[in-house]
Amino acid sequence: MARQFASEQDLQHDHVGVRRRQWSKELPDLDTVGMAILGRARWITLKVRPPIEAVFAEHGLDTGEFDVLATLLRSGPPYRLRPTELFQQLMITSGGLTPRLARLERAGLVERPPSAEDGRSLPVQLTTLGRERAEAAFRADMAVEADLLKCLDEQEKADLGRLLAKLAIALDT
């Protein structure tokens with residue numbers, strides 16, 4: 001997993017830093033700060049995906065299935081949402097949600113009880129097994145992610161989280 005830096009010299013050997021130094025020689029007038037931030041964010045995302053996806057696989061889920069279960073779980077009791085609410089929160093199409101729901105329903109992790117408010121739509125609800133599986137997978141995921149971030153102290157984590165939130169909000173407007 002993540003390791004502590006042996007020294008500040010370690011920072012001189014990161015992949016993006018090497019590329020930025022190469023570009024500074026080839027095109028010295030070009031500002032590559034975007035690469036410093038977005039290139040590293042992309043590299044980090046690619047690097048952390050395998051251990052996180054392994055957590056979900058240990059719980060019999062893929063990332064998309066976990067996302068559905070987690071969205072239902074964090075919605076709170078009765079852990080039920082309409083399909084439209086689900087795909088909007090997941091930022092996927094309804095066509096992308098349908099096969100996930102079918103797999104989760106076959107596995108006994110969600111059910112589709114009749115809706116008292118809308119007879120045309122069947123809400124999606126976590127089963128007891130689905131709630132247990134989602135919580136266990138999320139707890140394991142958070143343990144892996146905490147381990148991946150152990151090279152940062154608490155203040156660095158808070159600062160990085162705040163700065164990433166600022167960038168995410170700016171990009172979302």
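What is the handedness of the crossing of α2 and α6? The crossing is right-handed, where right-handed means that the near helix is turned clockwise from the far one by less than a right angle, and left-handed that it is turned anticlockwise. The model is predicted, so local features need pLDDT of at least 70 and side-chain atom pairs count only at pLDDT 80 or more, while totals for chains, interfaces and linings use all residues. Residues are numbered from 1 along each chain as its sequence is written, and side-chain values use heavy atoms, with hydrogens and water left out.

Two packed helices are described by the angle between their axes and the distance between the axes. Axes here are lines fitted to C-alpha atoms, for helices over the stretch in contact, with angles from 0 to 180 degrees between N-to-C directions. Helices (H or I, at least four residues) and strands (E, at least two) are DSSP runs numbered from the N terminus.

For α2 and helix α6 (residues 128-148), the axes come within 9 Å and cross at roughly 155 degrees. The two helices are therefore roughly antiparallel to each other; the classes are roughly parallel under 35 degrees, roughly antiparallel over 145, roughly perpendicular from 65 to 115, and oblique for the rest. On the α2 side the contact (heavy atoms within 4.5 Å) is made by V48, P51, I52, V55 and F56, and on the α6 side by A137, A140, D141, V144, E145 and L148. These residues divide into nine nonpolar, no polar and two charged. In this division Ala, Val, Leu, Ile, Met, Phe, Trp, Tyr, Cys and Pro count as nonpolar, Asp, Glu, Lys and Arg as charged, and the others, Gly among them, as polar.

F56 also takes part in an aromatic pair, the one pair that a search of the whole structure finds. Its partner is F66, and the pair is stacked, at 4.2 Å centre to centre and 15 degrees between the planes. Rings of Phe, Tyr and Trp (its six-membered ring) pair if their centres lie within 6.5 Å, and planes under 30 degrees apart count as stacked, over 60 as edge-to-face and the rest as tilted. F56 lies in helix α2 (residues 33-58) and F66 in helix α3, ten residues apart.

Helix α3 (residues 63-74) packs against helix α4 (residues 83-90) at an angle of about 110 degrees, with the axes 10 Å apart. That makes α3 roughly perpendicular to α4, and the crossing is right-handed. D67, V68, T71, L72 and R74 of α3 meet L86, Q89 and L90 of α4. The contact holds four nonpolar, two polar and two charged residues.

The axes of α3 and helix α5 (residues 94-106) come within 10 Å and cross at roughly 80 degrees, which makes this pair roughly perpendicular. Here G64, E65, D67, V68 and L69 of α3 contact L97, R100, L101, R103 and L104 of α5. They divide into five nonpolar, one polar and four charged.

The loop between α3 and β1 includes P78 and Y79. The peptide bond from P77 to P78 is cis, with omega near 5 degrees. Y79 is not a glycine, yet has a positive phi of about 55 degrees.

Three strands form an open antiparallel sheet in the order β1-β3-β2, where pairing needs at least two DSSP bridges between two strands. β1 (80-81) and β2 (110-111) stand at the edges with a single partner strand each, so one side of each is left without a neighbour in the sheet. β1 pairs with strand β3 (residues 124-126) over two bridges, and L81 has V124 as its bridge partner in β3.
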